[in-house]
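Here are some notes to read alongside the model. Have a look at it first, then go through the points one by one.

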Amino acid sequence: GVGKRKMAHAFAMAIFCQNREDDFCGECSACRRMKSGTYPDYHLIEPDGAYIKIDQNRDMIAEATIQPYESTKKIFVLDPADRMRAEAANSLLKILEEPFPFSLFILITASPRAILPTIDSRCQKVRFTPLPYDVLATNLARQHGLNPEYAATLARLTSGRPRLADDLAQGDFLKDRDATI
């Protein structure tokens, strides 16, 4: 809940954006289609049931060999990447070791130790940590119109995890908490 998938999506938007300077514009056709989930060169791979299956990886690898439709890149996000059995993970070894120049793979996991060492050794790691409480509280107050005291309470209760804080801010959690106290 610290924003790994959100960051992968924003990173892809920045790559696909037609008006980018340093970031994505959010207004061009590519950005709008990324927001709606219809951009053809972005692929989110999630577990089919409990695991990401070997057939899903094979389909992804086949797609990764085809030139991008609109962009200069194709981006594949596997989330959570630790939900692959050994045979599914091993099917990725060659494409991760020698990817096509237009293919980019982002593997997201909350459990880095659950990734096979052969996969782990082929990846560049980007570590995420919870947000500082004051930053999260400021964001919560601005996005959800919370008073600063409630926003700070949510930031502390969720240990700086934005997704959980957003989920709780949208419900009656704080009212229920106050009533209970």
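1. Helices here are DSSP runs (H or I, at least four residues), numbered from the N terminus.

2. Before going on, note that this is a predicted model, where local features need pLDDT of at least 70, side-chain atom pairs count only at pLDDT 80 or more, and totals for chains, interfaces and linings use all residues. Residues are numbered from 1 along each chain as its sequence is written, and side-chain values use heavy atoms, with hydrogens and water left out.

3. Back to α8, residues 148-157: its buried residues (under 20% relative accessible area, 1.4 Å probe, protein chains only) are A151, T153, L154 and A155. Their cover includes α7 (133-144), α9 (162-170) and α10 (173-180).

4. Now look at Q56, in helix α3 (residues 54-64). A polar atom of the Q56 side chain lies 2.8 Å from the backbone oxygen of E46, and the backbone nitrogen of K53 is also 2.8 Å from a polar atom of that side chain. Leaving out neighbours within four places in sequence, Q56 is in contact (heavy atoms within 4.5 Å) with I45, E46, P47, D48 and Y51.

5. How many disulfides does a search of the whole structure find? It finds 0, a disulfide being a pair of cysteine sulfur atoms within 2.5 Å. The closest cysteine sulfur to that of C28 is in C31, at 3.6 Å, so it is too far for a bond. C28 is buried at 5% relative accessibility.

Key:
Helix = DSSP H or I, 4+ residues; strand = E, 2+ residues; numbered from the N terminus. Polar contact = N/O pair within 3.5 Å; in protein donor to acceptor, adjacent residues only side chain to side chain. Buried < 20%, exposed > 50% of the residue type's maximum accessible area, 1.4 Å probe, protein only.
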